[in-house]
Amino acid sequence: MMNSPVDRDLSISLSIDGLEVKVAPGQTVLHAARKLGIDIPTLCYLEKCGPLNSCLVCLVKINGKLVPSCGIPAQSGMNVESETPEVHEARRTALELLFSDHVGDCLSPCQRLCPLRMNIPVMIRQLQTGQVDDAVKTVRHALPLPAVLGRLCHHPCEQGCRRASADEAAGIRDMERYVADYDLGLAAGASGKTTHDPYLPRCKRPSGKSVAIIGAGPAGLTAAYTLLRHGHSCTIADRRSHAGGTLRDVNAEQLPPSLLDAEILQLHRLGAQFRLGAVLGNDITIEGLLRGFDAVLVTVGELSKADGESWGLEMSPGGIKINTDTFQTSRNAVFAAGRAVKPVNQLVRAMTEGQWAAECIHLYLENRTVQRPDKPFSSIMGRLEPQELATFVRSAKPGPALSPCNVCTGFSKTQAAEEAARCLRCDCRSSGHCALQSYATIYGADGGRFRSQRRPFEQYIQPGGVIFEPGKCILCGICVKLTELAREPLGLTFIGRGFDVRIATPFNQTIEAGLQKVAEECVRFCPTGALEFRDA
Ligand code: SF4
Ligand code: SF4
Ligand code: SF4
Ligand code: FES
């Protein structure tokens, strides 16, 4: 293959973080870094638009000065610093400044309040559009025993639901129950017989590592669900003759035992081994387990000080003493979670503790730094003013929540879709593929650090399906440049001065009118959720 002239003339030689690299004249420091595989963040840079120099998240340090790497031509002899704590701090500050007047919630309040972080808005949209099989995947991805949680969870998600400010919260738990029951063939209107096995999430390749879990209650079962999907084998021991722990004590009307059995069968199908009727201290010992397994997790429920100490574990007044950042006990390779550690009254909280402990064990088994999972990053809009709430409410179904009979059949498919239509879609349509959100996560940005009084939330729904949310625009200029390059008849431009600068179409036309040729390209390359497709 012929080399391009640019490839042949590699006459510029510079060093980045001590690594030598050669590039052609005219290439930037960013190009040189990318050639070395160094991932410098960029928000306002798109190759075809050239440097726009507006976001300043691509900072590097050259000769003692912080400069944007996307606009600085590479020169021979340059010594560039990129991946140093000082440069990272400067990039983090640049990101935090972009959030100072950012108006949007990356994650909806309901998702932020779900301890297991289920992607509730996605489940709801799938129900609304009849994609129930996809909703099953969304639910089972996050929840270990969804048919149980769909009945017994104290639904903190609904307490944060923005729809509650208009009339009543969306019936999230009932929708979740419908999805889980549908998967088990038990939903209202279903025959009670499944024509397929319930959905099993994919597990990673077997790691060759094994974990013993003592206690088959909510925390232990959740830990197993997490560890099995990471590819570790799990054996769950319990002194009772049935798995489920305190869930076995719930009134059968509220939680039919056959339904709990069906959910536990899912764990068997994922590969969990059970040793039931085994009493710790008599039938099994921690020493014995440590000889046969790579790690042990204790989730036995409440525990006396004497019992804990007889197992060689240091105790605190509440239960087993752990490092709360890692779930590690005083014994190497032994972890503990749930009520064995401290009183946990809510089912979903006990499950979350089990999940976090399992994530820590996974890191331990991989010889990585053990650390409980961080909260996912989200820009937070806070309380809505009445006119802002009205902006959300206008595209949702009016009327109060549908209430299925709680202890009988639950929602039908139609009812679940109707309830789903009440959701206000208050997550960001770009969440999960937004460059700003992604870099904020990587750099550990604090979205509230420079927060000032925020602008009002505005949303312009264009006739052809593009949505413009000006509060999420970081004025990067990419869309303006793309419309210029495409010779759009109207295009987009910056209007206003100082803090009031914004993106608009000339002559007060709609955004859609400015984007006749390159709407899709502008939506694709907008680094935030400012431009999105309505049904994204
Ligand atoms: S645009 Fe990005 S950063 Fe802003 S709310 Fe949406 S996902 Fe979050
Ligand atoms: S309106 Fe929908 S997306 Fe918003 S908080 Fe409620 S359930 Fe979640
Ligand atoms: S709307 Fe345009 S200027 Fe604003 S962030 Fe998106 S691409 Fe950049
Ligand atoms: S200033 Fe370089 S990417 Fe924005």
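**Entry 1: a loop residue**

Between which two elements does the loop with Arg-487 lie? I looked it up in this predicted model and found Arg-487 in the loop between α18 (478–485) and β13 (493–495), where helices (H or I, at least four residues) and strands (E, at least two) are DSSP runs numbered from the N terminus. Arg-487 counts as exposed because its relative accessibility is 68%; I use buried for under 20% relative accessible area, exposed for over 50% and partly exposed for what lies in between, with a 1.4 Å probe and protein chains only. The phi of Arg-487 is near 50°, a positive value in a residue other than glycine. Most residues other than glycine have a negative phi.

I noted His-155 for a like reading, with a phi near 35°, again positive in a residue other than glycine. His-155 sits in the loop between α7 (146–152) and α8 (156–159), and at 23% relative accessibility it counts as partly exposed.

**Entry 2: conventions**

Residues are numbered from 1 along each chain as its sequence is written, while chains are lettered from A and ligands numbered from 1 in the order in which they are written. Because this is a predicted model, local features need pLDDT of at least 70 and side-chain atom pairs count only at pLDDT 80 or more, whereas totals for chains, interfaces and linings use all residues, and side-chain values use heavy atoms, with hydrogens and water left out.

**Entry 3: the whole protein**

I recorded 20 helices and 15 strands, and a C-alpha trace that spans about 75 × 60 × 50 Å along its principal axes. Of the 536 residues, 52% count as buried. Of the contacts (heavy atoms within 4.5 Å) with a separation of 6 or more, 66% join residues 24 or more positions apart.

The division is into domain 1 (5–83), domain 2 (109–200 + 376–420), domain 3 (210–365) and domain 4 (456–533), with bounds that come from an automatic or database domain assignment. Taken over C-alpha atoms, the centres of domain 1 and domain 2 are separated by 47 Å.

**Entry 4: the nonpolar cores**

Which residues of the largest nonpolar core touch the most other members? They are Met-123, Leu-127, Ile-213, Val-298 and Ile-320, in a core of 89 residues, a nonpolar core being a set of buried Ala, Val, Leu, Ile, Met, Phe, Trp, Tyr and Cys residues joined through side-chain atoms within 4.5 Å. Helix α14 (residues 347–365) gives the largest share of this core, with 8 residues. The core lies between domain 2 and domain 3, because both give residues to it. Leaving out residues up to four places away in sequence, I listed Val-132, Ala-135, Met-175, Tyr-178, Val-179, Ala-416, Ala-417 and Ala-420 as touching Leu-127.

Apart from this core lies another, of 38 residues, among them Phe-99, Phe-468, Cys-476 and Leu-531. I followed Leu-531 into strand β15 (residues 531–533), where it counts as buried at 3% relative accessibility. Beyond four places in sequence, the contacts of Leu-531 include Val-466, Phe-468, Cys-479 and Cys-526.

Is Met-118 buried or exposed? Met-118 counts as buried, because its relative accessibility is 0%, and it lies in the loop between α4 (109–113) and α5 (120–128). Its contacts, setting aside neighbours within four places in sequence, include Met-123, Leu-143 and Glu-176.

Helix α9 (residues 172–184) reaches 19 Å from its first C-alpha to its last, close to the expected 18 Å, the expected span being 1.5 Å times one less than the number of residues. In α9, 12 of the 13 residues are buried, including Arg-173, Asp-174, Glu-176 and Arg-177. Just after α9, Gly-185 takes a positive phi of about 75°.

**Entry 5: the two ligand shells**

For ligand 1, I found 13 residues around it, of which His-102, Cys-106, Cys-428, Cys-434 and Gly-529 come nearest; a residue is near a molecule if one of its heavy atoms lies within 4 Å of it. By class this shell has 5 nonpolar, 6 polar and 2 charged residues, where Ala, Val, Leu, Ile, Met, Phe, Trp, Tyr, Cys and Pro count as nonpolar, Asp, Glu, Lys and Arg as charged, and the others, Gly among them, as polar.

Around ligand 2, I noted residues including Cys-110, Cys-161, Arg-162, Cys-423 and Cys-426, and the shell divides into 8 nonpolar, 1 polar and 1 charged.
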